[in-house]
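Dear colleague,

I am passing on the structure we spoke about, together with some notes on what turned up in it. Please read them alongside the coordinates.

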Amino acid sequence: MKKLYYQDSYKKKFTANVLQQAKDEQGNLYAILDQTAFYPTGGGQPHDIGRLNEVEVVAVEEIEGEIRHYINAPLTQGEITGEVDWSRRLDHMQQHAGQHILSAAFAELFEFQTVSFHLGKETCTIDIHTNTLREEEALAAETLANEIIFENRPIETKWVSAAEAIQYPLRKQPSVSENIRLVIIPDFDYNGCGGTHPSSTGQVSTIKILDWEKQKQNIRVQFVCGNRVLKQLHEKHSVMKQLTAALNAPQEDVADAAMRLIKDSKTLEKDVENKNEQLLSYEAKELLIQHKTEDNVQAVFNGRSIKELQTLARKITELAEDSVVILINELEDKLQFVCACGNGSAANMKQLANELLSRINGKGGGNKSLAQGGGPKSMSGEDLLRAAKEILMVN
Ligand SMILES: [Zn+2]
């Protein structure tokens, strides 16, 4: 079976004979051809997609020396025409060659060796063997890589034996011992590689490092090449336009403006919290005045937060040590309550809460002086309050 992508990585269309069609263990249909321009998954480069006649090729895998073209319908026997999805392949060639160049730049400048490569859907990563990567090191590698691209050096491929291979300054030992395929950027990079590459560095167009992070013993560098750089720029610019408009600040001030906004909103949040606390103090005093003839303070509210009612109950019991406070909260389909008693009261809130919870089939808990709970709204807030008063009177 001839691998046409090794003879000419620019081959988009080809004719071939169908040798076999079969299903794999998962029941996926595939075809084997006598020759193909479809690159199978390998060496960090994803497979091609495209068409065989009118049938879609959804994946291409090399298994035990066979190249399986996974198809979504059977092919007619005999000669067929294949066409590789070129925008996808060209993108992979740009990313892959860009990776060679960036890896070589890190090795050349800092002796950081690349230990792995991943060509992702949106971005690519290499793991370089170093504990740290400084901003200026990343920038220097990126600059050198872009110089090599701009010089438009040839990218050559060569099949050699193991004995021939050792005559080249290879970045690392080839993983195969015979029929070694070298990818060479003269005077810059010599690599054993089975991927597809453009014929010159200029076609990588440009390379941009986006970010890096520690990954075990290595640093994972995220980057994009070729048309992906434009795509990234387009996306980032669109976000930036929205931000400059929303923050009413030019691009260079956007970060400061956002920081200021976050700081201001935190101050405001604290301010609102303080004001709320003050309001709850007034509300506590108000409730005590309303209930000054009784030992107990009871009220039914609508749509309050349980935390707010806990604070309110605590404030009332602090102001009136003998008081027992029962605050009910009605929500759309839930009923909540907080009960509290001051230091001077002998009542047991945990006991009260348990009895109330059994009435509404709810969940909650607390201690002798403060308890809370809630459950489905099986009765009105007023009914629950009445129940609480009865329980208190019995005990
Ligand atoms: Zn390669």
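In this predicted model, Met240, Leu243, Thr244 and Leu247 of helix α5 meet Val254, Ala257, Ala258 and Leu261 of helix α6. The two helices, α5 spanning residues 227–247 and α6 spanning residues 254–290, have axes that come within 10 Å and cross at roughly 55°, and α5 and α6 are therefore oblique to each other. The crossing in which α5 passes α6 is left-handed.

The zinc ion has as its protein donors His96, His100 and His197, each through NE2, and Cys193 through SG, at 1.9 to 2.2 Å from the ion. The angles among the four donor atoms run from 98 to 123°, and the site is tetrahedral; for four tetrahedral donors the ideal angle is 109.5 degrees. Along the chain, the donors of the zinc ion are spaced as H-x3-H-x92-C-x3-H. His96 and His100 both belong to helix α2 (residues 86–110), where they sit four residues apart, about one turn of the helix, and both of these histidines are buried.

A last point concerns Glu142, which is located in helix α3 (residues 135–150). With a relative accessible area of 11%, Glu142 falls under the 20% cut-off and is therefore buried. Apart from neighbours within four places in sequence, Glu142 is in contact with Leu102, Ile207, Lys208 and Ile209, while the C-alpha atoms of Glu142 and Thr206, residues 64 apart in sequence, are 9.5 Å apart in space.

Notes: Residues numbered from 1 in each chain as written. Predicted model: local features only at pLDDT ≥ 70, side-chain atom pairs only at ≥ 80, totals over all residues. Heavy atoms only, no water. Donors = N, O, S within 2.8 Å, 3.2 Å for Na, K, Ca; no water. Tetrahedral: all angles 85-135°; square planar, octahedral: opposite > 155°, others 65-115°. Buried < 20%, exposed > 50% of the residue type's maximum accessible area, 1.4 Å probe, protein only. Axes fitted to C-alpha atoms, helices over the stretch in contact; angles between N-to-C directions. Parallel < 35°, antiparallel > 145°, perpendicular 65-115°, else oblique. Left-handed = near helix turned anticlockwise from the far one by under 90°. Contact = heavy atoms within 4.5 Å.
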